[in-house]
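Hi,

Here is the structure I promised to pass on. Have a look, and then read my notes below.

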Amino acid sequence: RWLREAENLASQINDLEGTSMVLSHYGRALVNEDPGEARVAINRSLAGARVVGRKSTEGRCWLALAVLDQQQGDARVALDNVRRAKGIFTRLGMEVEARKCSDLEEKLKEQVPRSRIRRSIIRIKSRSERVPNDHNKEVA
């Protein structure tokens, strides 16, 4: 609740940097409780952080989006997002955050091949449903 109040105050005084930081905290606090609301807040925070050049907040947003994507089973997108976050944290010298990204990146790398296999199976099934069933034709 207090994060929403802080967001309102920052918005009232047109503090885009403050709004972005508060939205980042708010979104990350909601990741497990309300992923939809978390994603909205994090995306708003990310947009604001990019406008004002708040790189640490941008990195935290990319990391939070990676966690949300992983929870929703989209390991490929999560991997892209965690790599964005890791790059930012590494450039900023934020070692603890970069290490968190590396840990998540390793987990995601293990998940990506499985999601590729799943997509391949779906494509194969889809193709097989479109192939005419020639073995039931009568031979003249």
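A quick term to begin with: I call two residues in contact when they have heavy atoms within 4.5 Å of each other. Leaving aside neighbours within four places in sequence, Val82 is in contact with Leu63, Ala66, Cys101, Leu104, Glu105 and Leu108.

Before going on, bear in mind that this is a predicted model, where local features need pLDDT of at least 70, side-chain atom pairs count only at pLDDT 80 or more, and totals for chains, interfaces and linings use all residues. Numbering starts from 1 along each chain as its sequence is written, and side-chain values use heavy atoms, with hydrogens and water left out.

Val82 is also among the residues with the most contacts inside the largest nonpolar core, along with Ile42, Leu63, Phe89 and Leu108; that core has 28 residues. (Such a core is a set of buried Ala, Val, Leu, Ile, Met, Phe, Trp, Tyr and Cys residues joined through side-chain atoms within 4.5 Å; buried means under 20% relative accessible area, exposed over 50%, and partly exposed in between, with a 1.4 Å probe and protein chains only.)

Glu58 is buried, at 7% relative accessible area, and leaving aside neighbours within four places in sequence it touches Leu46, Ala49, Arg50 and Ile88. Asp69 counts as buried too, at 6%. Its side chain makes a polar contact (N or O atoms within 3.5 Å; within protein, one able to donate a hydrogen and the other to accept it, and residues adjacent in sequence count only if both atoms are side-chain atoms) with the side chain of Asn81, at 2.8 Å.

Arg76, by comparison, is partly exposed, at 28%.

Cheers
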